[in-house]
There are 4 protein chains.
Amino acid sequence: MHNTIEKAEGKLGILTPGLGAVATTLIAGVEAVKKNLAQPVGSLTQMGNIRLGKRTENRNPKIKDFVPLADLNDIVFGGWDVYNDNVFEAALKAKVIEPMMLHAVKSELEAIKPMKAVFDRSYVSNLDGDHIKQAATKADLAQMVMDDIENFKEANDCSRMVLVWCGSTEIYLEPSAAHETIESFEEGLRNNNPAIAPSMIYAYAAIKLGVPFMNGAPNLTCDIPALIELAKQTNTPIGGKDFKTGQTLMKTILAPGLQARALGVKGWFSSNILGNRDGYVLDHPDNFKTKEVSKLSVLEDIFQPETNPELYGDIYHKVRINYYPPAGDNKESWDNIDIFGWMGYQMQIKVNFLCRDSILAAPLVLDLALFSDLAKRAGMSGIQEWLSFYFKSPQTAPGLHPEHDIFKQLIKLQNTLRHLMGEDLITHLGLEYYEDLTEVL
Amino acid sequence: MHNTIEKAEGKLGILTPGLGAVATTLIAGVEAVKKNLAQPVGSLTQMGNIRLGKRTENRNPKIKDFVPLADLNDIVFGGWDVYNDNVFEAALKAKVIEPMMLHAVKSELEAIKPMKAVFDRSYVSNLDGDHIKQAATKADLAQMVMDDIENFKEANDCSRMVLVWCGSTEIYLEPSAAHETIESFEEGLRNNNPAIAPSMIYAYAAIKLGVPFMNGAPNLTCDIPALIELAKQTNTPIGGKDFKTGQTLMKTILAPGLQARALGVKGWFSSNILGNRDGYVLDHPDNFKTKEVSKLSVLEDIFQPETNPELYGDIYHKVRINYYPPAGDNKESWDNIDIFGWMGYQMQIKVNFLCRDSILAAPLVLDLALFSDLAKRAGMSGIQEWLSFYFKSPQTAPGLHPEHDIFKQLIKLQNTLRHLMGEDLITHLGLEYYEDLTEVL
Amino acid sequence: MHNTIEKAEGKLGILTPGLGAVATTLIAGVEAVKKNLAQPVGSLTQMGNIRLGKRTENRNPKIKDFVPLADLNDIVFGGWDVYNDNVFEAALKAKVIEPMMLHAVKSELEAIKPMKAVFDRSYVSNLDGDHIKQAATKADLAQMVMDDIENFKEANDCSRMVLVWCGSTEIYLEPSAAHETIESFEEGLRNNNPAIAPSMIYAYAAIKLGVPFMNGAPNLTCDIPALIELAKQTNTPIGGKDFKTGQTLMKTILAPGLQARALGVKGWFSSNILGNRDGYVLDHPDNFKTKEVSKLSVLEDIFQPETNPELYGDIYHKVRINYYPPAGDNKESWDNIDIFGWMGYQMQIKVNFLCRDSILAAPLVLDLALFSDLAKRAGMSGIQEWLSFYFKSPQTAPGLHPEHDIFKQLIKLQNTLRHLMGEDLITHLGLEYYEDLTEVL
Amino acid sequence: MHNTIEKAEGKLGILTPGLGAVATTLIAGVEAVKKNLAQPVGSLTQMGNIRLGKRTENRNPKIKDFVPLADLNDIVFGGWDVYNDNVFEAALKAKVIEPMMLHAVKSELEAIKPMKAVFDRSYVSNLDGDHIKQAATKADLAQMVMDDIENFKEANDCSRMVLVWCGSTEIYLEPSAAHETIESFEEGLRNNNPAIAPSMIYAYAAIKLGVPFMNGAPNLTCDIPALIELAKQTNTPIGGKDFKTGQTLMKTILAPGLQARALGVKGWFSSNILGNRDGYVLDHPDNFKTKEVSKLSVLEDIFQPETNPELYGDIYHKVRINYYPPAGDNKESWDNIDIFGWMGYQMQIKVNFLCRDSILAAPLVLDLALFSDLAKRAGMSGIQEWLSFYFKSPQTAPGLHPEHDIFKQLIKLQNTLRHLMGEDLITHLGLEYYEDLTEVL
């Protein structure tokens with residue numbers, strides 16, 4: 001298998017629709033890493049290890065030394081935004097990274113200027129901007145994005161391209177007729193069908209060109225039959241949705257732990273305060289709904305109340321996001337979890353996570369870009385469920401329950417890498433270490 | 001394989017050295033469950049499900065319906081204690097379960113009277129008691145325990161017996177010469193060698209009779225070469241040590257989550273307040289040392305700083321246990337975790353767990369009793385690493401790193417059960433759900 | 001002065017509009033105290049001390065031994081409610097006090113049956129009930145309440161009466177023309193003017209009869225010119241509004257502390273979860289608005305941003321109340337306070353208050369009843385600002401800033417009592433203890 | 001009175017024994033304030049207001065505009081330390097203030113070089129240093145300090161001097177014979193009596209010269225009869241001890257609030273983590289004992305269990321300080337407070353204070369320097385109890401209970417200032433605003 005993976009030769013272009021706090025934090029970080037000014041912490045592809053073989057073999061290489069990924073030095077960044085600021089200016093405004101560090105990579109960041117965005121205020125209520133593509137139809141807009149991608153590829157001498165959505169949360173959309181088939185979707189593009197959101201136009205453009213597309217927001221985007229079908233036709237890896245950071249990350253760590261121990265859950269109250277652009281957008285109920293759906297499903301899918309009604313049949317789960325400017329990009333979550341144990345006795349867990357939104361998200365963008373590029377070279381097309389690990393609301397094959405348990409997601413990811421490279425899958429059975437036993441078995 | 005597992009016919013006697021808060025909470029709970037007054041929450045054997053086959057098969061039986069475990073109605077409880085209180089009296093004093101509930105199972109609890117304990121105050125400084133076996137040598141004491149076990153078995157018409165240590169933490173002991181071989185150990189028994197602690201006498205007695213022995217405290221007990229060898233000779237399952245509850249449970253949930261995401265850790269400060277007998281015993285530095293060793297190793301084994309020095313090479317880990325009477329059995333932990341992410345930016349996680357010590361521990365005793373009885377009937381002898389899930393400091397084959405990650409421990413446990421019953425092991429690879437892909441692969 | 005205070009002879013009737021969680025907790029508690037089953041903790045009149053004279057005199061009597069208050073044995077309780085449950089039934093449903101304790105005072109509680117309430121669903125959206133007075137005009141309803149009061153007084157042989165509002169929060173009302181004068185108000189009663197809320201009808205009835213009226217909800221009620229004027233005419237003590245419990249209590253403790261030290265405040269985020277009837281009512285935006293106004297003003301009045309703009313000119317203050325049924329009556333608050341110190345360096349305070357709403361409120365009702373009865377006997381009429389200590393939003397003379405600092409409120413209350421009894425006021429100057437100094441001064 | 005206060009003319013020299021984190025933070029801050037680069041937040045003398053007259057007068061001047069204090073521009077800093085670093089170097093090492101800010105005041109800080117310290121390692125176990133005075137007797141050392149003070153005064157053209165102790169916590173000392181009289185103390189100096197700690201030598205030198213001395217550590221220092229007597233003889237203001245910051249500050253805010261409401265307290269558990277030099281020193285049990293005594297007395301003095309045994313007679317109070325290097329100067333406290341209310345129902349308050357030790361302490365040094373200089377000019381000599389506000393363990397006249405309630409301390413301070421300036425003392429009685437009432441009264 002691993003013999004058939006194409007080598008990661010030449011440059012990889014990573015384009016992000018949205019050059020705000022997350023994307024600029026990613027780009028500034030990679031440039032700082034290249035200059036040895038910082039470490040790419042939080043990135044599995046750069047810092048993570050993977051165990052191979054038996055425990056006694058002590059094989060624990062870095063993932064980047066195990067699978068053929070693009071090297072950081074071969075990456076070229078670009079993107080689209082509704083504001084005209086270059087990446088240095090945008091990063092300064094985002095106030096995530098200290099000014100001194102930004103100045104250390106100033107020339108690299110200044111060189112990256114956003115392309116005009118596909119944007120429509122009716123999909124993102126609290127946002128505005130004037131660096132926007134104008135065209136008669138959504139089909140024209142899609143073509144303009146395709147042109148952008150190809151021009152960027154040529155101008156930067158890239159051998160491969162990847163798109164990762166780093167834009168805002170759009171209003172809540174249900175799948176509808178226009179999303180059903182490639183034909184209906186393309187007709188919708190031509191007819192300016194309102195069911196086609198800006199993020200779908202980017203996704204379509206990328207997939208049409210065979211360029212992997214990963215969706216970091218809770219928007220539908222590529223999670224519609226039309227684009228799934230197109231991805232198969234064009235051999236394009238796709239995946240989403242909604243970067244798993246902060247409170248939801250904590251939830252997909254804690255909930256499996258409680259379930260592992262068969263501890264019951266009565267209630268889970270989650271409050272968030274954040275003061276960045278994302279917080280402002282989510283203060284609008286229409287945008288929050290999209291996020292809420294993404295956030296609420298997590299517990300249900302982990303606890304599976306239908307198989308365990310005594311323990312999880314009556315959870316009161318509430319999530320609140322509060323715009324609180326003093327926090328800036330320092331998102332803070334507070335969770336109160338009401339659990340019960342032996343004989344129904346009640347206990348409580350309270351978690352206060354003082355996190356940084358973009359700091360947690362940036363390495364996910366990098367990993368998704370590198371892994372989806374790997375998938376492309378390995379010939380894996382369509383939905384990449386093995387990347388569920390990165391998403392609040394993983395896209396899966398129709399009819400398949402998504403897996404939210406971060407530990408099962410990690411095993412899936414790691415066993416996929418082992419499988420790609422011809423290594424044994426790991427089951428943690430380990431009876432062989434106890435020889436007497438194996439004789440019996 | 002599963003055809004060769006002996007059926008769980010007849011009664012199972014569960015004996016606990018120590019009939020304090022944990023054991024009485026277990027016994028009262030099981031009696032309440034039998035009367036439909038409570039649910040055995042927190043017990044995997046009673047409330048847990050196990051997924052079998054592919055996700056699309058939707059097979060998720062309860063574990064107790066999948067593997068042949070002893071039925072709760074077939075269990076008979078007994079034990080030893082340094083106090084003469086019957087289980088009803090002891091449970092009232094422990095103040096874990098409400099008096100009204102205890103009265104509802106009063107006659108069952110009153111019927112259980114402790115056998116005289118093997119006890120020596122020099123191993124548990126802050127404890128006292130007068131319901132104690134007197135004998136010239138430790139060998140005599142061991143014989144008296146063996147007699148107790150056999151008498152109990154006959155008197156209660158049991159077909160099988162199990163021992164689970166529910167006693168206090170003993171002072172810190174290093175493995176020494178007397179622990180090396182069966183011979184040296186038995187000589188030590190005869191010579192009253194001080195290296196042989198009371199808990200070892202119980203373990204020896206059980207293993208000698210082929211009765212499974214599980215160790216719920218951080219004491220060495222059966223984790224010495226002499227008793228491991230004896231267990232092999234007598235085909236006895238053994239395991240330990242230290243029930244994983246409260247703060248350490250939380251640690252083995254959170255730490256794998258941080259590591260999964262390649263987030264760095266700079267410091268982990270853990271404070272505990274508890275006001276029960278256990279808290280009082282641990283307030284003495286000698287006893288705390290035994291506990292501290294058990295608690296500190298957890299992070300190191302999960303983070304493996306040697307393979308990941310940039311992320312985990314410099315963790316400052318401190319654990320404090322504070323005796324605080326107002327808390328009673330309601331142990332409360334507070335953790336501050338200093339982590340760092342992308343480019344080294346720092347974040348903090350603060351966890352406040354308002355838990356109940358004995359409520360968390362009781363179901364572990366039940367599971368360990370039932371699973372070690374299963375192991376015995378399945379012919380699995382010696383160290384049962386697949387039960388690591390239940391222990392703060394899992395006993396493993398010599399030379400093998402213990403696995404502390406609760407999620408790997410759970411997969412190990414579940415895959416062992418699947419293996420015993422002839423089901424496919426689960427790897428979470430799942431590429432088969434994406435047909436196009438499997439053609440390619 | 002204290003020679004002119006009428007003695008507390010005969011029985012005192014305490015009537016509460018609203019016999020829900022708070023009132024039933026009060027009544028059950030007082031009955032339990034009378035039987036020596038519980039202590040009236042949280043009640044200044046019953047448990048509080050007051051220092052008299054110089055520190056070196058060591059005079060620290062209980063307040064109830066210092067000022068002439070009604071004795072608990074002379075109190076008779078009654079009230080109105082929209083449900084027909086007697087106090088025993090209502091207390092059981094409120095789930096604040098354990099059933100066993102309620103049974104110990106069952107006969108006393110069962111004997112108290114609610115009178116029919118003045119109620120209009122358009123003022124309390126989420127509430128319903130069928131135990132309601134019917135009449136053509138609000139004037140008729142007021143007369144019916146007056147009859148209730150006088151009948152109760154006669155039937156129970158009371159020498160004095162007091163009313164304390166323990167009902168729900170009504171929708172937000174601005175003061176309007178009907179509230180301006182006694183005449184316009186009485187005309188409004190006759191014309192069924194919608195500006196006159198049910199709580200005002202109770203207040204009018206009490207004040208008209210010269211019966212002290214205290215308002216425990218954030219409703220306008222007696223805080224309108226018409227009723228203030230009427231209170232002067234009838235020599236009636238009045239006061240309000242909104243019992244100071246839980247998070248706001250904590251705020252009026254912490255905020256003065258920060259201000260004392262000239263520490264700056266950038267933001268204060270307050271989240272609440274509660275699951276009782278009050279939480280359900282406040283989940284409706286109309287009712288929450290009344291509460292929000294009451295809650296938000298606290299910080300502004302304490303910090304006085306106009307005199308200290310550098311420290312308090314830019315506070316972002318947000319209060320959220322979330323209905324969360326698992327909490328029941330156990331209200332829980334979480335506050336994040338962003339402060340700054342020397343040179344602007346930022347710090348944070350996080351307070352998690354696991355409180356019980358009705359347990360905190362009940363003693364306030366008792367104190368307000370006893371103190372307003374004292375005021376009546378001392379000839380103090382109109383607004384009782386010295387009782388600000390008990391209110392989230394203290395009623396003051398027109399044009400006077402309310403004092404929210406709980407410590408200034410306490411000194412005001414204590415110095416008022418000292419003044420009434422002819423004791424020296426305390427200024428904490430205390431230079432006389434340092435004799436050399438006083439010579440100099 | 002205020003006419004007799006000497007004007008604050010000429011320069012004021014502020015000398016600190018100890019030029020570590022606290023003192024350098026103070027000095028750097030004052031220099032930054034002078035350049036308009038920062039605000040002196042947390043300093044009552046600089047940022048605080050004081051209400052004068054009736055509420056309706058709206059007189060709320062800044063304290064510095066009300067009483068005649070030394071101007072920041074007239075201050076000259078100096079000090080002693082066991083390390084030879086100048087203030088710029090020491091501030092860099094302390095890591096409290098950002099390097100960029102320190103560079104902005106570099107020349108001012110570099111100019112301040114420590115004088116050699118009086119130091120003896122047997123009083124501060126975990127500390128070392130080589131910039132130390134050598135002399136045959138403690139009397140000689142005292143003379144050398146007096147010479148230092150006078151030389152500094154002359155060299156810097158100061159009209160007045162003040163000393164504020166900013167050094168480490170010394171080991172626990174009980175008052176003994178050498179501390180009894182001026183004569184025994186001076187004999188002890190000559191005989192090198194071990195009961196005389198280094199901090200006492202500084203205090204003696206200052207007081208002997210009539211220079212105000214304030215003690216910021218929990219050491220006995222000037223709280224001994226000999227130095228109190230000397231202060232009277234030389235007309236010197238003295239005060240102490242232990243700057244009230246962090247957790248104890250929070251305690252003296254919260255405890256009075258609970259007591260105000262007659263809420264009972266069962267337990268108070270206080271844990272601290274800090275990673276600076278202070279934390280390291282306090283990790284040694286001998287030094288911690290001095291601190292513990294200072295910290296534990298707070299609650300007892302506020303709650304006065306003897307007058308309120310039902311509420312406060314059985315408090316379990318425990319304080320732990322843990323050295324935790326990842327925290328640096330960012331001290332963090334976690335408090336769990338077990339309270340009970342109406343009928344004994346239990347509630348909990350949990351406070352997590354993410355504070356900065358030196359940021360909280362620095363403005364206290366400034367205020368104590370300015371106020372003790374004011375006291376000197378106003379002819380107030382001996383113990384300055386009105387400055388209790390600043391201390392964990394206020395020094396009072398013999399036989400007088402110290403007042404720990406921060407709100408009473410503040411009123412004492414403010415009324416002292418009003419008294420000095422001939423303004424009415426404030427009692428918060430305020431009955432005059434309710435005219436009808438005053439007629440009655």
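How many residues does the contact take from chain C, and how many from chain A? The contact takes 23 residues from chain C and 23 residues from chain A. Keep in mind as you look around that this is a predicted model, so treat what follows as a description of that model.

Let's stay with chains C and A for a bit. The size of an interface is often given as the accessible area lost when the parts come together. Between chain C and chain A that buried area is about 1,900 Å², and carbon and sulfur atoms give 58% of it. There are charges to look at too: 2 salt bridges turn up across the interface of chain C and chain A. For one of them, find C:Glu332 and A:Lys350, whose side chains meet with N to O at 2.4 Å.

The biggest giver is β7(C), which puts 6 residues into the side of chain C that touches chain A. Sort that side by class and you get 10 nonpolar, 6 polar and 7 charged residues.

How do the two copies sit relative to each other? Turn chain C by 180°, with a shift of 0.0 Å along the axis, and it can be laid on chain A with an RMSD of 0.0 Å. Chains C and A meet through the same surface, because 100% of the interface residues of chain C are also interface residues in chain A.

Together, chain A and chain B bury about 8,600 Å² between them, and 67% of that lies on carbon and sulfur atoms. The salt bridge count between chain A and chain B is 2. One of them joins A:Glu385 to B:Arg55, with the closest N and O atoms 2.9 Å apart. Polar contacts link 34 residue pairs across the interface of chain A and chain B, again with both residues at pLDDT 80 or more.

A rotation of 180° with 0.0 Å of shift along its axis superposes chain A on chain B, with an RMSD of 0.0 Å. That is the relation of a two-fold axis. If you want to find the axis by eye, look for A:Val351: of the residues of chain A, A:Val351 comes closest to the rotation axis, with its C-alpha at 2.3 Å. Since 99% of the interface residues of chain A are also interface residues in chain B, the copies meet through the same surface.

Strand β10 (residues 346-354) of chain A pairs with strand β10 (residues 346-354) of chain B in the antiparallel sense, over 7 bridges. Within this pairing, A:Asn352 stands opposite B:Lys350 in β10(B).

Strands pair inside a chain as well. Strands of a sheet pair through backbone hydrogen bonds, either parallel or antiparallel. In chain B you can trace an open sheet of 7 strands with parallel pairing, in the order β3-β2-β1-β4-β5-β6-β11. At its edges are β3 (115-116) and β11 (382-383) of chain B, each pairing on one side only. Further in, β1 (residues 11-17) and β4 (residues 158-165) of chain B pair in the parallel sense over 5 bridges, and B:Ile14 stands opposite B:Val162 in β4(B).

The peptide bond from A:Gly240 to A:Lys241 is cis, with omega near 0°, and A:Lys241 lies in the loop between β6 (237-240) and α11 (246-260) of chain A. In chain C, a cis peptide bond joins C:Gly240 and C:Lys241, with omega about -5°. Back in chain A, A:Ala262 has a positive phi, near 55°, without being a glycine; look for A:Ala262 in the loop between α11 and β7 (264-274) of chain A.

How values were computed. Residues are numbered from 1 along each chain as its sequence is written. Chains are lettered from A and ligands numbered from 1 in the order in which they are written. This is a predicted model: local features need pLDDT of at least 70, side-chain atom pairs count only at pLDDT 80 or more; totals for chains, interfaces and linings use all residues. Side-chain values use heavy atoms; hydrogens and water are left out. Contact means heavy atoms within 4.5 Å. Buried area is the accessible area (1.4 Å probe) that two parts lose on being put together, summed over both. A salt bridge is a side-chain nitrogen of Lys or Arg within 4 Å of a carboxyl oxygen of Asp or Glu. Helices (H or I, at least four residues) and strands (E, at least two) are DSSP runs, numbered from the N terminus. Ala, Val, Leu, Ile, Met, Phe, Trp, Tyr, Cys and Pro count as nonpolar, Asp, Glu, Lys and Arg as charged, and the others, Gly among them, as polar. Copies are superposed by least squares on the C-alpha atoms of residues with pLDDT of at least 70 in both. A polar contact is a pair of N or O atoms within 3.5 Å; within protein, one must be able to donate a hydrogen and the other to accept it, and residues adjacent in sequence count only if both atoms are side-chain atoms. Two strands pair if DSSP finds at least two bridges between them.
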